[in-house]
Amino acid sequence: MFVILFGIMYFLMVRPAKKQQQSYQKMINSLAVGDEVILRSGLHGKISELNANTITIDAEGIFLVFERGAVMRIASHDEQRQETTDGATVEENLADIDSTIEANDEKNND
């Protein structure tokens with residue numbers, strides 16, 4: 001019984017955390033000069049220099065040095081993810097939804 005409970009806990013808690021950690025490490029290792037990144041502190045900037053453990057961020061002409069682990073995500077990759085399967089961006093889809101809602105409201109008011 002205890003082994004079954006441990007197995008369930010492993011698949012529900014440990015395994016997803018391990019996959020998330022591996023994904024984050026892969027992202028950190030794939031950093032390149034010119035990538036736009038968002039740091040854990042909320043700072044947005046472009047990588048201007050990479051070293052073994054540190055990165056230099058260009059934040060509108062101000063160059064700051066951070067540990068690689070300070071990177072939360074790569075912003076330039078987020079923009080690529082925003083495209084949907086039909087090629088439209090999320091913003092375009094939201095604009096279409098808004099126009100449809102407005103048209104329905106006008107129709108209902110008449």
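Guide: A residue is called buried when its relative accessible area is under 20%, exposed when it is over 50%, and partly exposed in between, as found with a 1.4 Å probe and protein chains only. The structure above is a predicted model, in which local features need pLDDT of at least 70 and side-chain atom pairs count only at pLDDT 80 or more, while totals for chains, interfaces and linings use all residues. Residues are numbered from 1 along each chain as its sequence is written, and side-chain values use heavy atoms, with hydrogens and water left out.

Visitor: Why is Ile4 called exposed?

Guide: Ile4 has a relative accessible area of 56%, and the limit for exposed is over 50%, so the word applies. Ile4 lies in helix α1, which runs over residues 2-29; a helix here is a DSSP run of H or I with at least four residues, a strand is a run of E with at least two, and both are numbered from the N terminus.

Visitor: Which residues of α1 are buried, and what covers them?

Guide: The buried residues of α1 are Tyr24, Met27 and Ile28, and their cover includes strand β5, residues 71-74.

Visitor: What makes up the rest of the protein chain, and in which order do the elements run?

Guide: The protein chain holds 3 helices and 5 strands, and from the N terminus on they run α-β-β-β-β-β-α-α. Of its 110 residues, 20% count as buried.

Visitor: Why does Thr56 count as buried, and which residues is Thr56 in contact with?

Guide: Thr56, which lies in strand β3, has a relative accessible area of 10%, and this falls under the 20% limit, so Thr56 is buried. Leaving aside neighbours within four places in sequence, Thr56 is in contact, that is, has heavy atoms within 4.5 Å, with Lys46, Ile47, Ser48 and Glu49, and also with Phe63, Leu64 and Val65.

Visitor: What makes His44 exposed, although it touches other residues?

Guide: His44 is in strand β2, residues 44-50, and its relative accessibility of 52% is over the 50% limit, so the residue counts as exposed. Not counting residues up to four places away in sequence, His44 touches Val37, Ile38 and Ala59, and its C-alpha atom is 8.6 Å from that of Ile57, a residue 13 places away in sequence.

Visitor: What makes the phi of Glu60 worth a remark?

Guide: The phi of Glu60 is near 55 degrees, a positive value in a residue other than glycine. Most residues other than glycine have a negative phi. Glu60 sits in the loop between β3 (54-59) and β4 (62-67), and at a relative accessible area of 82% it is exposed. Its C-alpha atom is separated by 7.4 Å from that of Gly45, 15 residues away along the chain.

Visitor: Why does Gly61 count as exposed?

Guide: Gly61 lies in the loop between β3 and β4, and its 53% relative accessibility is over 50%, so it counts as exposed. Gly61 and Gly45 are 16 residues apart in sequence, with 9.6 Å between their C-alpha atoms.

Visitor: Where is Ser41 placed, and why is Ser41 called exposed?

Guide: Ser41 is in the loop between β1 (36-39) and β2, and its relative accessible area of 61% is over 50%, so it is exposed. Ser41 and Met72 are 31 residues apart in sequence, and their C-alpha atoms are 8.6 Å apart in space. Among contacts between residues at least 6 apart in sequence, 34% join residues at least 24 apart.
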